[in-house]
Amino acid sequence: MSNKTLVLLSTVVLLATPLFSQQQDEPVPSDDVVQLVEESSQSDQASPLSEQPLAGEPEEAAVQDEDEVSETPSPAASAGTTFPQFVFQPPAPMSLEEFLATRDKFRVYFDEGATASWNTRLIKQSGRTNFVFQDFMAGLYVTTRTKNFDALVPFPLPVELFARVAAYYPLSHTFNDYPQPPVNMLNFGVDFMLAPVLQISFLDYVYLDLAAGLHFLYQKSDRWHYVHLGAVGMVGLQLPLARRWTLLLNGFASIDNANLGSNRHMEPYDLAWQYQASVGVRYSKNTPNPKFYIPSKKNDTHDYEKFLQKEQKKSLRRQQKQWKKEEKQWLKTLSQEERESYLERSKQLKAEEKERKKEQKALEKAQKAVRKAAEKEEKRRLKEMEQ
């Protein structure tokens, strides 16, 4: 045999040896084992559970959930009683249309600001210059104004009611334009107005107010206690700065009877008039401005969601109050041992609930931190890509 033939036979033998040894190592199943395997496979095919292998899994999950619930039984169950545990029942939600319709109900507005007053009293003289007394006062005011007043009456009304109270401090007093130094530093004035007001809208961006009504003034001065009563007119502008904030600019003019105070016998006046100007703001939570100058991300849907959350909190407090009242009456029917056991279990459950909320808060905080870190990393990556 040549050398090439020997090398070829040696290669064939080396390649065949591992395969032959592997086949020799594998055990050959006996007839009994083959029969047992066939029977088990037939029994698996005949079994109804083998056709639905997942049928038992939901039952096991349900049992597990029941075990988890049973690990935290209610205080009543631990005490061996039947008093039900508190379960919050949320109220029926109001629709968005119904919520927006509530803005057409009768409401009352409040606005406040700074105001100034120029008060003139005149005594006519024959053959000489008239006596003119002038006071300049500054102060603060509060206004109450109705909204949808016609909702209280069976017929539509074009006007609303307007009431204003202002507190003044006199800054100067003159007689025929000559300053008169004050003697008493505790002088003051209180001004009151009541009138119906007509509002004219200019595309909901500017509102013009026109009013005419009653005017009353009480002023304590160095010489007299003045009491004025008369008629007043108002011209005002409402400027909707933001969705809930409104700027108000108002001007007033009144003509009064100034002889109702302590001066009526010693120093009666022939004529008295007053000018007032005020600058104020209004914050309206229930009826926001339909149009405004400063853009806002909030809208009617946001207000609606806040309203639902508030109503749920109110309902929760009412239900908890009623449940605690019934629980208190029910505890009186228990023995001392049962009552102590119930209260102890209640205390334990409250501690567990407090700990659970603490863990939930920590988890939310951690998730928020991770989310912020991811956003920061994403911004950094985008910035690097742009560069």
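**Reading the strands and the surface**

Author: Gly 189 has Gln 219 in strand 6 as its bridge partner. Helices (H or I, at least four residues) and strands (E, at least two) are DSSP runs, numbered from the N terminus. Two strands pair if DSSP finds at least two bridges between them. This is a predicted model, in which local features need pLDDT of at least 70, side-chain atom pairs count only at pLDDT 80 or more, and totals for chains, interfaces and linings use all residues. Residues are numbered from 1 along each chain as its sequence is written, and side-chain values use heavy atoms, with hydrogens and water left out.

Reader: How many bridges join strand 5 to strand 6?

Author: There are 13 bridges, and strand 5 and strand 6 (residues 206–220) run antiparallel. The two form a hairpin with 3 residues between them. In the turn, Leu 203 has a positive phi of about 60 degrees.

Reader: In which sense does strand 3 pair with strand 5?

Author: Strand 3 (residues 159–175) pairs with strand 5 (residues 188–202) in the antiparallel sense, over 10 bridges. Phe 162 stands opposite Ala 195 in strand 5.

Reader: Is Thr 143 buried or exposed?

Author: Buried means under 20% relative accessible area, exposed over 50%, and partly exposed in between (1.4 Å probe, protein chains only). Thr 143, which lies in strand 2 (residues 131–147), is buried, with a relative accessible area of 2%. Leaving aside neighbours within four places in sequence, Thr 143 is in contact (heavy atoms within 4.5 Å) with residues including Tyr 109, Phe 110 and Phe 162. Of the 387 residues of the chain, 26% count as buried.

Reader: Which residues make the nonpolar surface patch?

Author: Patches are made of residues with over 30% relative accessible area and no salt bridge; like charges are joined within 9 Å, and nonpolar side chains (Val, Leu, Ile, Met, Phe, Trp, Tyr) within 5 Å. A salt bridge is a side-chain nitrogen of Lys or Arg within 4 Å of a carboxyl oxygen of Asp or Glu. Here Val 165, Phe 188, Val 190, Phe 192, Leu 194, Leu 214, Phe 216, Leu 229 and Leu 260 make a nonpolar patch of about 740 Å². Strand 5 and strand 6 are the elements that give two or more residues to the patch.

Reader: Which strand gives the most to the patch?

Author: In a regular strand the side chains alternate between the two faces of the sheet. Strand 5 gives the most, with 4 residues. Val 190 lies in strand 5 and is partly exposed, at 35% relative accessible area.

Key
Accessible areas come from the Shrake-Rupley method with a 1.4 Å probe; for residues, only the protein chains shown count as cover.
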